[in-house]
Amino acid sequence: HGRRSRTDVHRLASAPAGDASWLWGHELRAFEGAACEMYTRWAGACGRVFRIKGALFHSDIIVAADHAAVAHIFQNVDDYVKSPAFRPPVANVLGEGVVWAEGDDHKKQRRLLAPAFSPDTVKGMADDISECSEMLESRLANEVLAHGGGATVNIIEHASTCTLDIIGRVAFGHDFGAGQTTEARAIRASWAAHVNSGLTFGAFLAMLIIRACPHVFLLPLPAIRAGGRIREIVTHLSTRLVRRGVFSDRGRDILSILMRADRLRGAKDERLSPQQIVDNINTFMMVGHETTAGSLAFTLLELARRPDVQARLRAEVRASGRELAHDDVQRLALLDAVVREGLRLHPAAPQTERVALKDDVIPLSMPVRTADGSMLAALRIRAGQVFHIPFTTMHVNPDVWGARAAEFDPDRWLVPGGVPPPAALPHGWSGLVTFCDGPRNCLGYRLAILEFKIILASLVRSLEFHETEARVSTRISPTLQPVTDGQGGVLPLYVTLAA
Ligand code: HEM
């Protein structure tokens, strides 16, 4: 009785029993569905906070899509952590950098890395971003010309080639040569394998097994080795630079900035170890290219479906002149609105999870109706409670965003009252949770937005994007992925030259 009375989890409405299986709970349906699709559907039936049955008899998981609850969880990083079970797989792919770190280690890494992503530093990356975007623009234009004026391309592959080029340059001054170098090819191939294996039932099962007994992760399974392969390649490239101290004194890339800052620091505990620098460069490479590419590809698909908005965007970009420098793109209002709308509907990380380390009472923006019909104004939970936080579900909630919440409509950002007031959205950038929130928000968000703007502007000014017959669905593997005809990482668009 004592235990139960200190938590409200069992009082919450449960996702429909018909969507659960005795063995896999609700988690299999959530995994197999489109990104956040089931959470959005269940939230429609149960409200913004509800529970689902965990797979393999895991205790009930709370799905939290209430803004005050989510803000609370994201602000209290010492009490709500990423699941400890998933730290070994994260370390395998990313190394022990800032994404992996928790507690004081995380605070220290964050503090030492922050200058590499300051507004001024990111502004200095604009030239590299523009050059890579122009290379993409001409690659696509050539493809169109080679096909007699119109070509169907897998836009996400092109987008991620471009974002890999960018992150290679800005992270450590490395040129991935538009995807043509040996390393770039190896990274693409490993990533494609990683994405496609992540869509399978085996990946779902692997996740459950790791959650249940984290030490199995030490087994030499092929899927685990594939994840580590990209890290090997990048580590090989960056370790060489770090060891030799080959970084430029004037270099504006992140590695040079970190190494210079490190040299100036005296106390050893105020420095990143060479291994931590390598692990963070690797982290930036991994989390800094497929993410932006995924959101960008879906935003281009939305523009293909809204030729009127695409034409207006093109006119806006063309009116600003040939150069797409940092300050120029910041002045483009419709471009800004398109980027916000694209990142609202297609967040590259559509959901996250957290585990409570201690008992707590979580505030709610709106009371939730419990299974027995009473109302809860706040939510009592116990240490160990697992939360799933579906970003996309929060961004398409009609109670917050209105009846047309799920529609791609950039103009909502441009008209007074078009988006909910800040009080309804207690989060960082644009009131969205796309980049998470609080002390663990996305370290690279300024870079992501600048890339997004410059790439989009470069492509749209000279090319026109059209939808194809393909039926594209969205999955999470491990970030937002298009799936076409069962094939992950495929999003066909028909491209022509813009008049
Ligand atoms: C559209 C593009 C991007 C989106 C939507 C995005 C989203 C996110 C989200 C949601 C998180 C928090 C994950 C969690 O804690 O559960 C995160 C963390 C992070 N992101 Fe991004 N990201 C993007 C691009 C980038 C880029 C370009 C970089 C640059 C290198 C980057 C670097 C990071 C880092 C280092 C963290 C970990 C921060 C920490 O734990 O303190 N991201 N990102």
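What share of the contacts in the protein with a separation of 6 or more comes from residues 24 or more positions apart? In this predicted model, such residues account for 75% of those contacts. The secondary structure of the protein comes to 21 helices and 13 strands, and the protein is as compact as a globular protein of its length, because its radius of gyration of 23 Å is close to the 23 Å that the globule rule gives for 499 residues.

**Overall dimensions and burial**

- Taken along the principal axes, the box that the C-alpha atoms of the protein fill is roughly 70 × 55 × 40 Å.
- Of the 499 residues in the protein, 45% are buried.

- Helix α3 spans residues 37–46, and its buried residues are Met38, Tyr39, Thr40, Trp42, Ala43 and Cys46.
- The cover over these buried residues of α3 includes the helices α2 (27–32) and α19 (391–395), together with the strands β1 (49–52), β2 (61–64) and β8 (386–390).
- Just after α3 comes Gly47, which takes a positive phi of about 100 degrees.

**The annotated position Cys442**

- An unreviewed UniProt entry places the feature "binding site" at Cys442, a residue that lies in the loop between α20 (398–401) and α21 (445–462).
- Cys442 has 21 other C-beta atoms within 10 Å and is therefore buried, since the cut-off for a buried residue is 20 or more.
- Leaving aside residues up to four places away in sequence, Cys442 touches Phe435, Cys436 and Ala448.

Conventions:
Residues numbered from 1 in each chain as written. Predicted model: local features only at pLDDT ≥ 70, side-chain atom pairs only at ≥ 80, totals over all residues. Helix = DSSP H or I, 4+ residues; strand = E, 2+ residues; numbered from the N terminus. Rg over C-alpha atoms; globule rule 2.2 N^0.38 Å. Buried ≥ 20, exposed ≤ 12 C-beta atoms within 10 Å, placed from the backbone. Contact = placed C-beta atoms within 7 Å. UniProt positions renumbered as here; feature names shortened; annotations may be inferred.
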